[in-house]
Amino acid sequence: MHIKSIILEGFKSYAQRTEINGFDPLFNAITGLNGSGKSNILDSICFLLGITNLSHVRASNLQDLVYKNGQGGITKATVSITFDNSNKSQSPLGFETHDEITITRQVVIGGRNKYLINGVNANNTRVQDLFCSVGLNVNNPHFLIMQGRITKVLNMKPPEILAMIEEAAGTRMYECKKLSAQKTIEKKEAKLKEIQTILDEEITPTMNKLQEERSSYLEYQKLMREIQHLSRLYVAWLFVCAEETKVKSAENLKVMQDNITKMQASMAENESKVQELSAQIHEMQKKKDQEVNGVLKTLEET
């Protein structure tokens, strides 16, 4: 996979849309007068490859890459590189069916930067994985050899040479992923330990307390149901007793009414007897008075 063409628009000194093509698969050189924008082409390639140290592209932040920092009426910088992917043996993973791969990176003043792969939005991680799978890691310290660093490269120590070989072979990407995965695992383990501590110190005691309160509440509900049941039974028993008392009272009332009737009849009979006796007494009194009057009269005559 090699560069086929580069399109710059609003990037550094390239205010208008500029297309650069005619790249050779093996060796390329950019020549021109001072200030013609030779270095900006290399900067655009590094920008697209996702360089993190912006000092290598002579910028302090991404917005410095926009033409005149956005003061020239241009508010975004766009770089598109089309890669020739006709050699499938060197194709990135997942792009074996594409003969060309176009990657675009855009930065907007006051906004965010974005990537596009073949016109489709993609995140930074996916783009970096694509480049690393073919040995293009712009953040490798030996990827760019600037002026004055040739001697340093020649005097590299074995670990540095090994790192450069790993980078060229493409195994460095997996080593980075391994380190990243290990860091992620350590973070997750620390988080898991923290969660376990919270479980042991806060949640588990709270759960035990809640379980005890739940047991007490269930026991309370059970006792309340029993009390309600017994209350209903007591009310029913009082009702039955009241019904029995009502029946007995009705029977007693009937007996009393019968006794009153009998007593009233007896009283009526006794009153009639009293009247008869009173009449007899009256007659006897009258008769007695007559007899006494007769005796008195006889005695008076005598």
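Which residues in helix 2 (residues 124-133) are buried? They are Val127, Gln128, Leu130, Phe131 and Cys132, where buried means under 20% relative accessible area, exposed over 50% and partly exposed in between (1.4 Å probe, protein chains only). The model is predicted: local features need pLDDT of at least 70, side-chain atom pairs count only at pLDDT 80 or more, and totals for chains, interfaces and linings use all residues. Residues are numbered from 1 along each chain as its sequence is written, and side-chain values use heavy atoms, with hydrogens and water left out.

**Helices**

- Helices (H or I, at least four residues) and strands (E, at least two) are DSSP runs, numbered from the N terminus.
- Gly135, which follows helix 2, has a positive phi near 80 degrees.
- The unreviewed UniProt entry places a "coiled-coil region" at residues 260-287; UniProt positions are given in the numbering used here, feature names are shortened, and annotations may be inferred rather than shown by experiment.
- In the model, residues 260-287 are 100% helix and 0% strand, and the end C-alpha atoms of the span lie 39 Å apart.

**Surroundings of Thr82**

- Thr82 is located in strand 3 (residues 76-84) and counts as buried because its relative accessibility is 12%.
- Leaving aside residues up to four places away in sequence, Thr82 touches His2, Ile3, Lys4, Ser5, Glu100, Ile101 and Thr102; contact means heavy atoms within 4.5 Å.

**Salt bridges**

- A salt bridge is a side-chain nitrogen of Lys or Arg within 4 Å of a carboxyl oxygen of Asp or Glu, and by this rule the count is 5.
- Glu100 and Lys4 form a salt bridge through their side chains, at 2.3 Å from N to O. This pair links distant parts of the chain, with Glu100 in strand 4 (residues 100-108) and Lys4 in strand 1 (residues 2-9), 96 residues apart.
- Glu100 is partly exposed, at 37% relative accessible area, and Lys4 is also partly exposed, at 37% relative accessibility.
- Asp99 and Lys88 form a salt bridge in which the closest N and O atoms are 3.0 Å apart. Both Asp99 and Lys88 lie in the loop between strand 3 and strand 4, so the pair ties together parts that are 11 residues apart in sequence.
- Asp99 is exposed, with a relative accessible area of 51%, whereas Lys88 is partly exposed at 33%.
- Lys273 and Glu269 meet in a salt bridge of 3.8 Å, N to O; both lie in helix 5 (residues 172-301), 4 residues apart, which is about one turn of the helix.
- A network of salt bridges links Lys12, Asp43 and Arg58.
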